[in-house]
Amino acid sequence: MPEALSSVVTMTAMTREVRSPWSEFWRKFKKQHIAMAALAFVVLLTLIAILAPYLAPFDPENFFDYDRLNEGSSLVHWLGVDSLGRDILSRIIWGARISLTAGFVSVAIGLVVGTALGLLAGYYEGWWDRIIMRLCDALFAFPGILLAIGIIAILGSGMANVVVAVAVFSIPTFARLVRGNTLMLKHLTYIEAARSIGASDWTIVMRHIFPGTISSVVVYFSMRIGTSIITAASLSFLGMGAQPPTPEWGAMLDAARSDMLVAPHVAIFPALAIFVTVLAFNLLGDGLRDALDPKIERG
Amino acid sequence: MKISQLWAISSIVLAMGVSGTALAGKDVTMAVASTFTTMDPYDANDTLSQAVDKSFYEGLFGFDKDMKLIPVLALSYEVDSSGLVYTLKLRKGVKFHDGTDFKADSVKASFDRATNPANKLKRYNLYKNIAKTEAIDDDTVRFTLKEPFSAFINQLAHPSGAIISKAALEKYGKDIMFHPVGTGAFKFVEWKPTDYLKVAKFDAYWKKGYPKVDSILWRPVVDNNTRAAMMQTGEAQFTFPVPYEVADVLKKKSDLDVIAAPSIVVRYLSMNMRQKPFDNPKVREAVNYAINRDALVKVAFSGYAIPADGIVPDGVDYSVRFTPWKQDIAKAKKLLAEAGYPNGFETELWSAYNHTTAQKVSQFLQQQLQQVGIKAKVVMLEAGQRVERVESYADAKTAPVRLYYVGWSSSTGEADWAISPLLASDAWPPRLFNTAYYKSDKVDAGLKAALLTTDRAEKARIYREVQEELWKDMPWAPLVVEKLLYAKNKKLQGVYVMPDASFHFDEIDLMP
């Protein structure tokens with residue numbers, strides 16, 4: 001019996017080796033229906049954002065119909081009209097562009113900088129490690145939104161500065177994550193092997209350690225986008241991000257506050273847009289984690 | 001924003017405690033939009049504090065609910081031929097809350113205090129023209145002015161011109177702001193600055209049969225929606241202002257009256273005439289033609305405003321009516337082309353306020369200007385930025401303000417205070433609020449001449465010429481005259497919001 005079992009194990013191991021990491025990942029990922037739905041939504045949203053000029057039925061800022069102020073859904077205006085006579089659907093479609101860009105770009109900046117710092121700290125340790133990690137600790141000490149507000153207070157309000165602010169508070173998490181992975185990987189045999197044949201630090205870090213950190217970075221990246229979108233929207237809601245009449249979702253919510261009692265749809269639709277988008281990114285992140293984590297084997 | 005909501009919530013909780021201990025009787029709760037700055041009317045700059053101070057203070061003259069001048073503690077006045085000496089007869093049989101009699105000595109003490117620069121009172125500017133105040137006998141007082149000023153009685157009627165008990169002034173000195181002692185219908189009970197101000201019926205009030213209620217609780221509640229909710233639950237019997245957007249919601253409650261009162265609050269867009277392109281009258285005319293005021297009233301004010309039909313709003317003495325500007329996009333574009341801007345231009349539109357209505361107005365104006373090719377970047381200024389970038393900016397040549405959305409109400413109820421601070425050439429920032437940096441010798445001369453004459457017909461003629469000149473020169477795009485929206489419980493009677501956003505509650509009563 002033990003012999004038979006061990007042969008089965010060898011068999012599976014052999015069939016697995018045939019699969020590329022990519023197809024292995026896809027095999028696991030597509031089994032998760034919720035994550036697949038989230039992925040489909042994110043792809044759709046991205047397409048909407050890219051094609052916004054062709055999809056939006058009206059100009060988001062300069063179309064106005066003063067005879068339909070605060071009017072609910074109709075055939076002409078599917079999601080109704082806001083208090084300044086603008087088409088809410090068009091504004092949400094254009095807003096997708098702003099929110100996705102803000103979310104993606106800010107986390108991408110955080111990822112690049114954070115990963116570089118994490119690799120440095122993890123690989124060299126010593127003073128590099130101490131300085132970088134203490135800086136990260138300092139940043140961690142602030143609640144995220146407070147740090148972002150502080151940065152906006154220094155840089156001034158505006159969407160570009162919101163991206164910077166959100167990026168800054170993404171940096172330490174990426175740095176810490178990558179550092180941890182690096183510390184673990186650099187003591188593995190294959191790294192020792194690479195070093196023993198005389199590979200330079202640069203080659204070891206970039207060719208052998210960095211690829212090993214990618215899966216956790218990707219998972220964290222997708223989950224972080226959701227948080228960043230919500231932070232950017234919050235900052236706009238507080239009047240520090242996108243300025244009127246920019247159709248940013250948070251700014252739309254802020255503008256809707258005064259009319260909420262008489263025209264709830266003015267607030268509901270942008271709020272739904274934020275909610276569904278952030279939920280989709282978080283579910284996608286969960287799915288990615290499950291698919292990329294070798295410890296989890298399902299079905 | 002968040003902090004104000006916190007305050008609102010905590011003050012509701014406190015109010016519950018307060019109303020729980022109140023005795024059965026005619027007790028009225030009035031919810032207003034901000035905290036009171038002081039209980040000393042001579043040191044208050046805001047309309048609200050002055051309005052509330054009327055609970056316990058009265059002036060020699062006052063305004064009725066329509067802002068018509070009426071005698072209060074004075075009975076009559078005479079001016080001598082030089083226009084410098086005003087002699088007033090005072091009302092007899094009036095008592096202060098501290099039991100002392102109202103006599104000429106208290107009038108003298110009040111105005112001697114106000115006109116002494118060493119006291120550093122905020123309203124010193126309003127009364128600095130008084131050279132001396134003399135008590136001729138108990139019932140006669142004489143003011144001598146430094147320069148003739150024909151709107152002097154209006155100044156005495158300004159809500160800051162309260163008569164304070166001489167005995168109390170001597171007793172409390174600077175602390176009089178915490179211990180107000182006047183002749184008003186209510187005497188001061190307690191003031192907790194963030195929570196409430198409580199006043200109670202003064203039994204020895206000189207007007208027999210008044211006041212008709214036992215007490216008033218003034219409650220500052222910053223959040224608009226919280227105030228509206230207090231009206232719906234019956235926790236407050238009066239609230240001002242009601243946000244335009246919730247007016248319809250409150251109207252549906254059968255026990256509430258929502259009232260849109262006429263105001264003298266004019267909203268306008270000033271254009272910096274020292275800077276290109278607004279130095280060109282054709283550009284200013286184009287801006288005026290670009291804006292649809294009727295639509296603005298609908299979009300930003302939910303219908304609770306009227307398109308501006310003058311520089312000085314109706315209801316202010318000596319104001320003149322003009323035909324409001326009608327939108328004409330084609331004409332505006334033609335004017336811009338003639339001025340050398342066939343493709344329009346880029347500029348900035350600053351709003352003096354950052355509340356919701358101002359946000360709507362600014363975005364609306366942005367949309368309207370866009371239609372004729374003027375691309376305006378909207379900047380909502382907070383109070384600090386407004387002071388720094390506009391009101392206290394020292395150099396007229398480099399002043400960064402271009403299009404500026406702001407408003408004004410003349411609390412003296414006459415034309416001088418409605419024009420001089422905004423359009424006289426010596427009112428450029430940082431001195432006063434001429435944000436258009438307008439300068440016209442004709443207007444300056446007219447404003448000076450009007451103050452020197454005491455003849456009403458002559459004054460009316462001068463002010464008409466001044467306003468015609470201003471309407472022609474277009475330093476502003478006049479926008480709307482706001483209506484004041486307030487709500488009261490149907491049981492509450494005799495409370496009005498006056499055209500300058502002050503309150504009139506001499507007749508306040510609570511029906512069973």
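**Note on the predicted model: helices, patch and salt bridges**

1. In chain A, A:R27 and A:E24 both belong to helix 2, which covers residues 21-29, and they stand three residues apart, about one turn of the helix. The two side chains form a salt bridge in which the closest N and O atoms are 3.3 Å apart. As for cover, A:E24 is buried, because its relative accessible area of 15% falls under the 20% limit.

2. Side chains of opposite charge can pair when their charged atoms come close. Over all chains, a search of the whole structure finds 41 salt bridges, and the pair A:R27 and A:E24 is described here with its closest N and O atoms 3.3 Å apart.

3. Turning to the chain that holds this helix, chain A contains twelve helices and zero strands, and its pattern, read along the sequence, is α-α-α-α-α-α-α-α-α-α-α-α. The C-alpha trace of chain A spans about 80 × 50 × 30 Å along its principal axes. Of the 299 residues in chain A, buried residues make up 43%. When contacts in chain A between residues at least 6 apart in sequence are considered, 73% of them join residues at least 24 apart.

4. The surface and charges of chain A deserve a separate remark. Its accessible surface comes to about 15,100 Å², and 72% of that surface belongs to carbon and sulfur atoms. Chain A carries 22 positive and 22 negative side chains, with the centres of the two sets lying 9 Å apart. Some charged residues of chain A are joined in a group, for A:D65, A:R68 and A:E71 are linked in a network of salt bridges.

5. Which residues form a nonpolar patch on the surface? The patch consists of A:V43, A:L47, A:I50, A:L51, A:Y54 and A:L55, which together have about 620 Å² of accessible area. Helix 3 (33-50) and helix 4 (52-55) of chain A each supply at least two residues of this patch, and helix 3 gives the most, with three residues. A:I50 counts as exposed because its relative accessible area of 53% is over the 50% limit.

6. In chain B, the side chains of B:K490 and B:D257 meet in a salt bridge, at 4.0 Å from N to O. B:K490 lies in the loop between strand 17 (476-489) and strand 18 (492-493) of chain B, whereas B:D257 lies in strand 12 (residues 256-271) of chain B, so the pair ties together parts that are 233 residues apart in sequence. B:K490 counts as partly exposed, at 41% relative accessibility, and B:D257 also counts as partly exposed, at 25% relative accessibility.

7. Another salt bridge of chain B joins B:D441 and B:K439, whose closest N and O atoms are 3.1 Å apart. Are its two members buried or exposed? B:D441 is exposed, with a relative accessible area of 57%, whereas B:K439 is partly exposed, with a relative accessible area of 45%.

Note on methods:
Residues are numbered from 1 along each chain as its sequence is written. Chains are lettered from A and ligands numbered from 1 in the order in which they are written. This is a predicted model: local features need pLDDT of at least 70, side-chain atom pairs count only at pLDDT 80 or more; totals for chains, interfaces and linings use all residues. Side-chain values use heavy atoms; hydrogens and water are left out. Helices (H or I, at least four residues) and strands (E, at least two) are DSSP runs, numbered from the N terminus. Buried means under 20% relative accessible area, exposed over 50%, partly exposed in between (1.4 Å probe, protein chains only). Contact means heavy atoms within 4.5 Å. Accessible areas come from the Shrake-Rupley method with a 1.4 Å probe; for residues, only the protein chains shown count as cover. Lys and Arg count as positive and Asp and Glu as negative; His and the chain ends are not counted. The place of a charge is taken as NZ of Lys, CZ of Arg, CG of Asp or CD of Glu. Patches are made of residues with over 30% relative accessible area and no salt bridge: like charges are joined within 9 Å, nonpolar side chains (Val, Leu, Ile, Met, Phe, Trp, Tyr) within 5 Å.
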